[in-house]
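Colleague: I am new to this structure and would like to learn how to read it. Could you take me through it feature by feature?

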Amino acid sequence: QLQLVESGGGLVQPGGSLRLSCAASGFTLDYYAIGWFRQAPGKEREGVSCISGKDGSTYTADSVKGRFTISRDNAKNTVYLQMNSLKPEDTAVYYCAAVFGLLRLCVPRMYPYWGQGTQVTVSS
């Protein structure tokens, strides 16, 4: 049973930081690429950052480059998204998702397995 569970979301002030976790179960993380995606109300779901489970190759969207960092800990079967210098426009539900194989495209349609999402709100 393949399962992904996000955690670490919450309310933070602009300029603050959050660390999201994506815990995987039912499969071995190193055989899968993992992506972080987000969707704000009224907006299309977009790729934030993705990482290959095999070689650690990454992709990060221009909108968050230099502020967000994706990483993985295969021993814990967990992928993280460190979010620094948060802005109000980062407010969204953040999802992690998995696809078997190497990282190809960091777009939602490429990822068949999804977590339930965690809310991130950046506000004063």
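This is a predicted model: local features need pLDDT of at least 70, side-chain atom pairs count only at pLDDT 80 or more; totals for chains, interfaces and linings use all residues.

Colleague: In what order do the 4 strands of the open sheet run?

Modeller: Strands of a sheet pair through backbone hydrogen bonds, either parallel or antiparallel. Here the order is 1-3-8-7, with antiparallel pairing. Strand 1 (3-7) and strand 7 (68-73) are at the edges; each has a single partner strand, so one side of each lacks a neighbour in the sheet. On average, neighbouring strands of this sheet are turned by 15 degrees against each other, direction ignored.

Colleague: Over how many bridges do strand 1 and strand 3 pair?

Modeller: Strand 1 pairs with strand 3 (residues 18-25) over 5 bridges, in the antiparallel sense. S7, for instance, has S21 in strand 3 as its bridge partner.

Colleague: Which residues have the most contacts inside the largest nonpolar core?

Modeller: In soluble globular proteins, nonpolar side chains tend to be buried together. The largest nonpolar core in this model has 28 residues, and those with the most contacts inside it are I34, W36, F68, V79, L81, M83 and Y94. Several strands each supply at least two residues of this core, including strand 4 (32-39), strand 8 (78-83) and strand 9 (92-100). Another core, of 8 residues, lies apart from it, with A97, V99, C106 and Y111 among them.

Colleague: How many salt bridges does a search of the whole structure find?

Modeller: Side chains of opposite charge can pair when their charged atoms come close. The search finds 4 salt bridges. In one of them, R38 pairs with D90, with the closest N and O atoms 2.9 Å apart. R38 is in strand 4 and D90 in the loop between strand 8 and strand 9, so the pair ties together parts 52 residues apart in sequence. D90 also forms a salt bridge with R67, at 2.8 Å between the closest N and O atoms. Salt bridges with shared partners join R38, E46, R67 and D90 into one network.

Colleague: Are D90 and R67 buried or exposed?

Modeller: Both D90 and R67 are buried. By contrast, K65 and D62 also meet in a salt bridge (3.2 Å, N to O), but K65 is exposed at 52% relative accessible area and D62 is exposed at 66%.

Colleague: Where does T60 lie, and what does its side chain join?

Modeller: T60 is in strand 6 (residues 58-60). Its relative accessibility is 16%, so T60 counts as buried, the cut-off being under 20%. The side chains of T60 and S49 are joined by a polar contact of 3.2 Å. Leaving aside neighbours within four places in sequence, T60 is in contact with V48, S49, K65 and F68.

Key
Residues are numbered from 1 along each chain as its sequence is written. Side-chain values use heavy atoms; hydrogens and water are left out. Buried means under 20% relative accessible area, exposed over 50%, partly exposed in between (1.4 Å probe, protein chains only). A polar contact is a pair of N or O atoms within 3.5 Å; within protein, one must be able to donate a hydrogen and the other to accept it, and residues adjacent in sequence count only if both atoms are side-chain atoms. Contact means heavy atoms within 4.5 Å. Two strands pair if DSSP finds at least two bridges between them. Axes are lines fitted to C-alpha atoms, for helices over the stretch in contact, and angles run from 0 to 180 degrees between N-to-C directions. A nonpolar core is a set of buried Ala, Val, Leu, Ile, Met, Phe, Trp, Tyr and Cys residues joined through side-chain atoms within 4.5 Å. A salt bridge is a side-chain nitrogen of Lys or Arg within 4 Å of a carboxyl oxygen of Asp or Glu.
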